[in-house]
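Dear colleague,

Please find the structure below, handed over for your records.

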Amino acid sequence: MTTAPRHDRPGRTARTGQLRDTVLDRVEERLARLLADESRIRRTADPRSVVLVAGVAELVQAGAERAHPVICLTGYLAAGGDPDGEDVVDACAALELLDTCLMIREDVRQNATLRRGIPTLHISHAAEHERNGWRGESRRFGEGTAVLAGDLAAAYGDRFAAGLPPRARELWENLRVERALGAHAEAAAATEYLDDAWPGQCLEDCGAGCGAGWYGLRHALLIGAALADRDDLREPYEEYARALHGAWRIRGFLRGGPGFDGDAQFLRDIFFDASARERAEDTVAELLARADAAVAGAPVAPHWRDELRAFARRVAGCE
């Protein structure tokens, strides 16, 4: 799931966007400090190990979206969380490192060549192996090194999450499990011939094991609410996340986004005429109305209700 880059997010207001950006700047500083410290320590202890740290750092620094940190922060600040709090910065850093881990592993599975405008880790390490004439198979070396870099990113994420309050920590652990299962489900589904590539399961009951599961939104929002000690927001945040996820998935199908090539492209090109697209747009509008209703009943400040509504439209591609 994507949002606008950190320094150019549309629809920002002085009360919400600037406040969130201030906290995001601290997240950036926390990530940069960790990776710089690790690079210095590992270079002294074992120069070979710094290669993994450098790979993680390069991808983290090349990232502009910070999608799940933005979602977590939105949930936290809307819940009245303290902008000066440290736990939310650690949680957002952990979420970004988990995204980096899963991104690296996805690149290996799909044999992608570029990520964020730079060569993927398994490709660059395989090329290094070949240039140096090292023993063994270059492809396997590159893939193995990239997988270890992903493991390292996940370990750093767990380090940040270790000190979170119990409820937020529990949500983090559940998210780690769900995203691993979801990544496998997505990889397995890509090998199958689907009778219907339409993301209907994401409209009402997108649960455990879905490759693009709503838990990505849900857990990030609920971690924010937990850090603000607002268990009363659990139900409205869950309803908001479920509806918004469905709208995002339909938009991805219509635009041919990630996960919607192959069978989905065939369905769009052959069977999806103008009338079908109009019905799909109506479904997106209905889902956004559900998200709006969840926000309307949520005990948050009015300007944060406005921000959550605007955020939903950005995610659903309606701006």
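Helices here are DSSP runs of H or I with at least four residues, and they are numbered from the N terminus. This is a predicted model, in which local features need pLDDT of at least 70 and side-chain atom pairs count only at pLDDT 80 or more, while totals for chains, interfaces and linings use all residues. Residues are numbered from 1 along each chain as its sequence is written, and side-chain values use heavy atoms, with hydrogens and water left out.

Helix α13

After α13 comes Gly317, which has a positive phi near 70°.

Within α13 (residues 302-315), Asp306 and Arg309 are 3 residues apart, so about one helical turn separates them. Their side chains meet in a salt bridge (3.1 Å, N to O), a term that requires a side-chain nitrogen of Lys or Arg within 4 Å of a carboxyl oxygen of Asp or Glu. Asp306 is partly exposed at 47% relative accessible area, and Arg309 is also partly exposed, at 25%.

The packing of α1 and α4

Helix α1 (residues 17-45) packs with helix α4 (residues 87-110) at an angle of about 65°, their axes being 9 Å apart. The axes are lines fitted to C-alpha atoms over the stretch in contact, and angles run from 0 to 180 degrees between N-to-C directions. On the side of α1, the contact is made by Val23, Arg26, Val27, Arg30, Leu31 and Leu34; on the side of α4, by Val88, Val89, Asp90, Cys92, Ala93, Glu96 and Leu97. Contact means heavy atoms within 4.5 Å.

Salt bridges

The structure holds 27 salt bridges. One of them joins the side chains of Arg30 and Asp90, at 2.6 Å from N to O. Because Arg30 lies in α1 and Asp90 in α4, this pair ties together parts that are 60 residues apart in sequence. Arg30 is buried, with a relative accessible area of 14%, and Asp90 is buried at 18%. Arg26, Arg30, Glu86 and Asp90 are linked in a network of salt bridges.

Glu239 forms a salt bridge with Arg290, and the closest N and O atoms are 3.2 Å apart. This pair links distant parts of the chain, with Glu239 in helix α10 (residues 234-255) and Arg290 in helix α12 (residues 274-296), 51 residues apart. Glu239 is partly exposed at 31% relative accessible area, and Arg290 counts as partly exposed at 23%.

A loop position

Ser49 lies in the loop between α1 and α2 (50-62) and is partly exposed, with 25% relative accessibility. Ser49 and Ala149 are 100 residues apart in sequence and 10.0 Å apart in space, C-alpha to C-alpha.

Yours sincerely

Terms used
Helices (H or I, at least four residues) and strands (E, at least two) are DSSP runs, numbered from the N terminus. Buried means under 20% relative accessible area, exposed over 50%, partly exposed in between (1.4 Å probe, protein chains only).
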